[in-house]
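Let's take a friendly walk through the aromatic contacts of this protein. Have the sequence and the coordinates open as you read.

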Amino acid sequence: MRIQSVLVAGVTLVSGLAACGPAGSLRGLRSEPRSAHERYARSLRDAGLDSTAMGREWLAAGDSALRSPYQVTLPRREIGVYSRDEARAVAYSFPLRAGERLRVELRAEGEASRLYLDLFEVGTDSLRPFDHLASAGPATPADSAAPALTLDVEAPRTGMFALRLQPELLRRGRFELSFRVEPTLAFPVSGRSNAAIQSLFGVDRDGGRRAHHGIDIFAPRGTPALAGADGVVRSIDPNPLGGNVVWLADERRSQVLYYAHLDRHNVVAGQRVRRGDTVGFVGNTGNARTTPPHLHFGIYRRPEGPIDPLPFVWEVRDAALAVTADTALLGRRATLRRGAPSRFALTPGGGTAATGALRPADSLRVMGAAAGTYRVQLDDGRSGYLPAGSVRAAQ
């Protein structure tokens with residue numbers, strides 16, 4: 001099963017078990033549920049299960065995970081487990097910049113349960129702490145040949161975001177979750193990459209009398225300048241600063257892409273182009289006559305005006321670290337190895353990195369593995385990541 005999810009206009013905010021709970025639970029919900037997670041939560045309430053200990057625990061777990069996410073860096077790959085004995089959810093928080101696209105893949109294994117994947121924007125208003133942006137799912141366990149469930153979302157603005165994963169009640173299994181960041185636009189100069197960018201947005205021009213409203217990408221004269229997105233050419237009228245220019249309307253994102261200092265055009269006004277089409281050729285026309293050939297690339301949005309195009313085209317080449325921790329320990333009780341450090345990093349409420357003491361006799365459960373670490377849950381409710389080499393199966 002493969003489901004493609006795109007950014008939903010507007011936000012979904014529903015109250016939780018407390019009056020000001022975050023999106024994701026259902027007490028006081030009046031509108032129609034917009035995600036599979038919300039529909040499942042409503043089904044629990046309609047069946048009266050919100051008055052049972054397990055039902056209350058499941059609804060509270062979704063809210064609790066969002067309020068205490070694990071702060072992670074992308075790209076990331078994690079293998080985890082869920083248990084029929086506990087109603088748990090897990091959430092990961094990370095920054096995204098306007099112009100970046102988040103791609104998530106989820107694969108489930110185990111019993112015929114369903115997993116719900118939801119993306120939220122983290123707000124600063126205590127009454128609107130989480131805005132629901134997109135969902136994928138439910139994911140159902142399948143054989144390894146089945147395609148993963150996918151979530152593909154463009155960041156609406158620069159900020160913090162949280163990805164929550166929660167299985168339905170009374171099921172057990174394991175999942176593999178991978179997420180990474182990509183640019184939303186094609187790189188605008190053929191055969192070039194990040195290293196060709198040599199002048200950034202906002203730097204001074206003309207002795208500080210104006211700011212640079214784009215990025216400069218250097219390439220030999222005549223190198224094709226490419227459409228970053230599908231769109232319509234609005235104008236190719238030259239101007240004194242940009243020389244030969246192209247204004248390309250990126251209608252999907254309500255913005256205009258600006259190509260300047262072109263040696264010559266390859267399009268006409270009114271022409272519709274596809275992502276990757278050649279709109280012109282790199283040159284040094286306009287006020288760039290004394291500089292080597294390059295493309296000045298800008299993005300304009302109303303009402304913001306010029307915005308930084310770098311996140312829209314910056315190619316992230318880092319790959320997620322492979323999981324090297326022994327996954328045979330997932331779901332099992334464990335303790336610290338003798339001689340292991342007694343302090344570890346954890347993520348308490350609010351998502352602030354902290355350090356906690358862990359005694360060798362303390363019992364914990366291994367819930368996930370990422371790179372060479374285990375995500376562990378202590379009996380007292382604390383959780384965090386430990387180096388895999390410091391953990392052993394409980395005797």
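## What buried means here

A residue is called buried when its relative accessible area is under 20%. The model is a predicted one, and that cut-off is applied to the residues below.

## Y92 and F179

How many aromatic pairs are there? The count comes to 11 aromatic pairs. One of them joins Y92 and F179, whose rings are 5.6 Å apart from centre to centre. With 55° between the planes, this pair is tilted.

Y92 belongs to strand β3 (residues 90-96) and F179 to strand β9 (residues 173-183), so their contact ties together parts that are 87 residues apart in sequence. Y92 has a relative accessible area of 0%, so Y92 is buried. F179 counts as buried too, because its relative accessibility is 1%.

## A cluster, and a charge over a ring

Y92 and F179 turn up again in an aromatic cluster, which they form together with Y70, F94 and Y385.

Finally, take a look at R264 and F281. The charged end of R264 sits over the ring of F281, at 4.1 Å from the ring centre.

Terms used. Residues are numbered from 1 along each chain as its sequence is written. This is a predicted model: local features need pLDDT of at least 70, side-chain atom pairs count only at pLDDT 80 or more; totals for chains, interfaces and linings use all residues. Side-chain values use heavy atoms; hydrogens and water are left out. Rings of Phe, Tyr and Trp (its six-membered ring) pair if their centres lie within 6.5 Å; planes under 30 degrees apart count as stacked, over 60 as edge-to-face and the rest as tilted. Helices (H or I, at least four residues) and strands (E, at least two) are DSSP runs, numbered from the N terminus. Buried means under 20% relative accessible area, exposed over 50%, partly exposed in between (1.4 Å probe, protein chains only). A charge sits over a ring if NZ of Lys or CZ of Arg is within 6 Å of the ring centre and within 35 degrees of the ring normal.
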